[in-house]
Amino acid sequence: MELRVPLTVTPLHLFLPFLLLSTTTTFTVSPSPSPYHTLFLTLGSNSSASTHLRHLTALPHIASSAANSLDASYVLSSLPFPSHSTFYSVLLSFPLFRSLSLSSPLFPFPLVQIPAASDPSATFASLSTPTFLAYSASGSVSAPVAYANYGRVEDFQLLHSLQINITGCIILARYGEIFRGDIVKNAQDAGAIGVVIYSDYKDYQKDLAFPAGPSLPPTGVQVGSTFRGKGDPLTPGWTCSANEEECERKSVKEVVKEGLLVRIPALPVSGKDGEEIHKAVGGQVAPPDWQGREGAPVYQLGPGPGLLNLTYIGNETLRTIQNVFGVIEGKEEPDRYVLLGNHRDAWTFGAVDPNSGTAALLELAERLSKLQKRGWRPRRTIILCNWDAEEFGLIGSTEWVEENREMLSQRAVAYLNMDSSVCGPGFYASATPQLDSLIIQASKMVKDPDNSSQTVFDSWVSSSGSPSIGRLGGGGTDFAAFVQHVGIPSVDMSFGDEYPVYHSIYDDYLWMEKFGDPMFQRHTAAASIWGLVALRLADDEILPFDYVSYALALKSGTEEIEKAAIGIPVSFTPLYKSIELLNKSAFKINEQKKDLERKFWGHKLRKNQGKIRDLNDRLIMAERAFTDRDGLSGRKWFKHLIYGPSQNNNYGSKSFPGIDDVIEAAKKLNTTHALRSVQHEIYRAARAVKQASLVLNGGLT
């Protein structure tokens, strides 16, 4: 999982008049919740979730390692229904040699995380892969240090405006606002020859350090990937199965040339080491919002006088990864798939990221097995997915989606993701908008794990005044290939948002037991909401999708992007008109659903399976219509024209990413061609929205 940052969110109270109207049509599929769904809620076991997590996090288990293979076997053996694995040969990255030192006087950095002696996981901490940034370029550089805050484009623009020349420098940047791969790419584009990224105490040590408190210890280091693409770097859009003797692959040089792999060496370091480097940097004093916490040394911009010597030698090598699946075949519609997914691999022990989600998935599977023994069988097929190599670039899920793209495009109902299912209190959800109402309904049926007198929905509302549901434009976890490449309705959910020991050796069972979820009640609540959403999608005769929410979300997104285009002579009228068409089509199909339920309820409804199938297919395929075979300009893997990552921040979620990309270019270039590109992207998005409305209507023009 990649670290969350604020996403585009839709506060539901803004849409209340519309949601009241549409929800009454969407959620009258049955007079009351299915008895099996109610029973599902009573079967949760926090002790089972705890047991699974303890087993999964016993050893560090980076992708392709022996320990990760043991965890795959554990997941396979724990799934109580037919299961299987798929294997792929992919390019992974590991460190061979690292060193970092300051010159004059010589100060070598140990680049080692020190485990707490009282932590049971300390015995195995040495088995973790040394701290590194995957896919960093190999090289040895010595240069003055310059400080670039969070390494954003605007940070480098400020340095340029202050006439600070960083060409040939090594950049010191801190984690926290954008994807680490974009930090390195931005530094590279600004002329730097190396990058050091650290976890600033201001952001990662707001409480006592672990194990006394939840914060990152002084020697804690956030590791991660710098790959700016999705899936295996060498097979974009296709796959290489592990048993294939011959397979087409790009070269690493080609991927570097495309800008998806960086060209300069980079290393992550601790807050302690970052502070030591700051002491060696002189020059202008950094702006107030670039400074550290109270008591930290004054941050200056440099470059120099301190000189850093940075060496990184990496090993990019083909390795075999393993995805695991469990399948519950549907009774009436076995060719329609509801998919639930979580990844298994971790940089170290992975108690939060990702194995809180794996533990919830296995606990959920146990409940579904108990339902089966009491006579339940889903209408549609449920597939539980446990991905590998997510941390390197969503590789396991992306390879599988690329391999099964046509089948998924025809048959997938929805993909429901939980990566780090628990890191603290509070429920968070992001989704494609037709699933908003379903998530809310599920949250109303599950008790708040931190206050049994209210529901998750109640606490969700009380914390923000209205449940805010984010969108899935960011590229941080395994929903990306489903939404952004194929156009499958998707959800990503968790309890807790950010946590300070992310991607370090301190993300272990003890941290979870003390701070993340001491009673493991949040794990069972996560499994309950996850399972309820899946059960509704698998069992309801008429799918509980609401595209009125989608039209309203698109209108809000258009208003936002239009503000960004102020001063550019373009018209958003075509997009607004298409959204109005979608809104009318959404109300129309809701009325058709209501009419079917009113006329053919019960056994009569079952005599009209052709009409139900047609209506459901329109609800499923409307999301596909938001994709374009040519993809985003310059980023053709991303097919979805509504939701995708920002060009300069893989974490960032953007509505209409193609329009956003060309707006930024038009502001810089101010040429006729650039202005025409903005209008062209508006028309492209408008055509996609119109296609979705036509799909909802059914029939041909």
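Modeller: What follows concerns helix 23 and the two helices described as packing with it. The model is a predicted one.

Helix 23 spans residues 672-697, and helix 19 spans residues 573-599. Their axes lie 8 Å apart and form an angle of about 15 degrees. An angle under 35 degrees counts as roughly parallel, and helix 19 and helix 23 are therefore roughly parallel to each other. Their crossing is left-handed. On the side of helix 19, the contact includes Pro574, Leu575, Ile579, Leu582 and Ile589; on the side of helix 23, the residues that take part include Ile682, Tyr683, Ala685, Val689 and Leu696. The residues of this contact between helix 19 and helix 23 comprise 14 nonpolar, four polar and two charged.

Helix 22, residues 657-669, also packs with helix 23, at an angle of about 170 degrees and with the axes 8 Å apart. This angle makes helix 22 roughly antiparallel to helix 23. Gly658, Ile659, Val662, Ile663, Ala666 and Leu669 are the residues that helix 22 brings to the contact. Helix 23 meets them with Ala674, Leu675, Ser677, Val678, Glu681, Ile682 and Ala685. By class, the residues of the contact of helix 22 with helix 23 divide into ten nonpolar, two polar and one charged.

Key. Residues numbered from 1 in each chain as written. Predicted model: local features only at pLDDT ≥ 70, side-chain atom pairs only at ≥ 80, totals over all residues. Heavy atoms only, no water. Axes fitted to C-alpha atoms, helices over the stretch in contact; angles between N-to-C directions. Helix = DSSP H or I, 4+ residues; strand = E, 2+ residues; numbered from the N terminus. Parallel < 35°, antiparallel > 145°, perpendicular 65-115°, else oblique. Left-handed = near helix turned anticlockwise from the far one by under 90°. Contact = heavy atoms within 4.5 Å. Nonpolar A, V, L, I, M, F, W, Y, C, P; charged D, E, K, R; others polar.
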